[in-house]
Structures are given as C-alpha cells and as structure tokens.
Amino acid sequence: RGDVDAARTLRQMLKRMGEPGEVAWRRPAQRPRRVVLLLDVSGSMSSYADALLRLAHRFSHPKVDSRTRGAPRVEVFTVGTRLTRVTRAMRMRDPERAIVAAGETVPDWSGGTRLGETLRMFLDRWGQRGLARGAVVVVFSDGWERGDAGLLGEQMRRLHALAHRVVWVNPHVGKHGYLPVQQGIVAALPYVD
C-alpha cells in the first residue's frame, strides 16, 4: 500500500549487487499530538505538586520513536489563583534544576484555586490560538473550586470543543470512600473524555 519508495528500493538493490528484491513502500509517518499539562499547585494539591512537576519534566523529555516525526511537543502550565507557563523551566535537562526554576516562576504556590478563571485565561491567551487545538489536555487537580463552578463548566465545555481529548487526573479518586461531590469536579465531569 502507498507509493513506491524508489530511492530506498534502489539502495537495497545496490546492497545486493543489483539482484532484485522486495519493493520498498512509503508509509505515512505518524505525527504525535501536542500534550498540554495543567498542574494544580493550590494548597489542597501541595502534597502532590513536586511529584506532578517531576512527571511533567519526564513528559517534556520523551524518547523519540523512529516511526514518528519526532517527539510530541509538551506544554506545561500551573493553575491556582493564577495561570503560569512553566514550559521553559521544564525543558532543562536536570530535573532538580527544572523544579527549582519552576518554583521560582510560580507566584501562587499553595494558594487558593480558581480553576474556572485560570482555564478562561488559558483558553483566551493560548488555547484559541492553537495550543489546545487538537491537543491532548491533561488537568491534574482535585476539583476544589473557590470561584464560580458554573464558569468552570463553561470553560471546560470550550476546552472540550477545542482539544482532541481532555483528561482529568484527580489524586483522591483512589482513596476509599471518595465521591466526586465537589462543585468543581461536578461541573467539569460532563466535558472530560
């Protein structure tokens, strides 16, 4: 299937001293989707913040697969009372230095949570322009919302319309007896893939 790769077929024939062999075919390369990580660094998520930043650093330095056209581009943001882009800090090779640089960049560490407002800021500034378009957006949050839960639901609807997939990772789901009753998680769940 596909087009004949004449150059590769000829090279293979020359390696066999001109003997005919299998025909090489061109196959379309897989193109990895962009990944956007939104990490909640509010007070209720402060015990998970270090591990989430380490995970974001690992995602920012993937192994390149020979079947794809390079590694997927990973964008990392922290959410709390403000939205902060920490992608540049996560691109440092040393994970310890990357986490320290991210910590110096984030002004609202262990503060409150305004998920609706920060999602609106993300969508207005970066999402609509193409960062979220067709991307896999992963939100790491427990869903505690100090602001308007209706605004969070509206912004999740916008995000769901733009992104290829929206994944919500809640660290409390694995705990015994957990029920998704927080206003933020209730407003967001209908728009999570």
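Predicted model: local features only at pLDDT ≥ 70, side-chain atom pairs only at ≥ 80, totals over all residues.

Me: Why is the pair of phenylalanine 77 and phenylalanine 122 given the name it has?

Reply: The ring centres of Phe77 and Phe122 are 5.2 Å apart and the planes stand at 70 degrees. Centres within 6.5 Å make a pair, and planes over 60 degrees apart count as edge-to-face. The pair is therefore edge-to-face.

Me: What makes this pair a tie between parts apart in sequence?

Reply: Phenylalanine 77 lies in strand β2 (residues 74-79), while phenylalanine 122 belongs to helix α5 (residues 115-131). The two parts tied together are 45 residues apart in sequence, so the pair links a strand with a helix.

Me: Are phenylalanine 77 and phenylalanine 122 buried or exposed, and how do you know?

Reply: Phenylalanine 77 has a relative accessible area of 0%, and phenylalanine 122 is also at 0%. Buried means under 20%, so phenylalanine 77 counts as buried, and so does phenylalanine 122.

Me: Why is the pair of phenylalanine 77 and tryptophan 126 called tilted?

Reply: The centres of these rings are 4.9 Å apart, with the planes at 55 degrees. Stacked needs planes under 30 degrees apart and edge-to-face needs over 60, the rest being tilted. At 55 degrees the pair is therefore tilted. Tryptophan 126 lies in helix α5 and phenylalanine 77 in strand β2, so this pair ties together parts 49 residues apart in sequence. Phenylalanine 77 and tryptophan 126 are both buried. Ring pairs join Phe77, Phe122 and Trp126 into a cluster.

Me: What makes up the largest nonpolar core, and which element gives the most to it?

Reply: The largest nonpolar core has 25 residues, and Phe77, Phe122 and Val137 are among those with the most contacts inside it. Elements that each supply at least two residues include β1, β2, α5 and β4 (136-140). Helix α5 gives the most, with 6 residues. A second, separate core has 21 residues, including Val35, Leu53, Val86 and Ala89.

Me: Which residues does valine 137 touch, not counting residues up to four places away in sequence?

Reply: Valine 137 touches Val36, Leu38, Ala132, Leu159, Ala163, Arg165, Val166 and Val167.

Me: Which nonpolar patch includes Trp25?

Reply: Val4, Val23 and Trp25 form a nonpolar patch on the surface, together having about 240 Å² of accessible area.

Me: How do you know whether alanine 24 is buried or exposed?

Reply: Alanine 24 sits in the loop between α1 (6-15) and β1 (35-40). Its relative accessible area is 6%. The cut-off for buried is under 20%, so alanine 24 is buried. Leaving aside neighbours within four places in sequence, alanine 24 is in contact with Asp3, Val4, Asp5, Arg8, Thr9 and Gln12.

Definitions and conventions:
Residues numbered from 1 in each chain as written. Heavy atoms only, no water. Phe/Tyr/Trp six-rings, centres within 6.5 Å; stacked < 30°, edge-to-face > 60°. Helix = DSSP H or I, 4+ residues; strand = E, 2+ residues; numbered from the N terminus. Buried < 20%, exposed > 50% of the residue type's maximum accessible area, 1.4 Å probe, protein only. Contact = heavy atoms within 4.5 Å. Core = buried A, V, L, I, M, F, W, Y, C linked by side-chain atoms within 4.5 Å. Patch = residues over 30% accessible without salt bridge, like charges linked within 9 Å, V, L, I, M, F, W, Y side chains within 5 Å. Areas by Shrake-Rupley, 256 points an atom, 1.4 Å probe, with all protein chains shown as cover. Salt bridge = Lys/Arg side-chain N within 4 Å of Asp/Glu carboxyl O.
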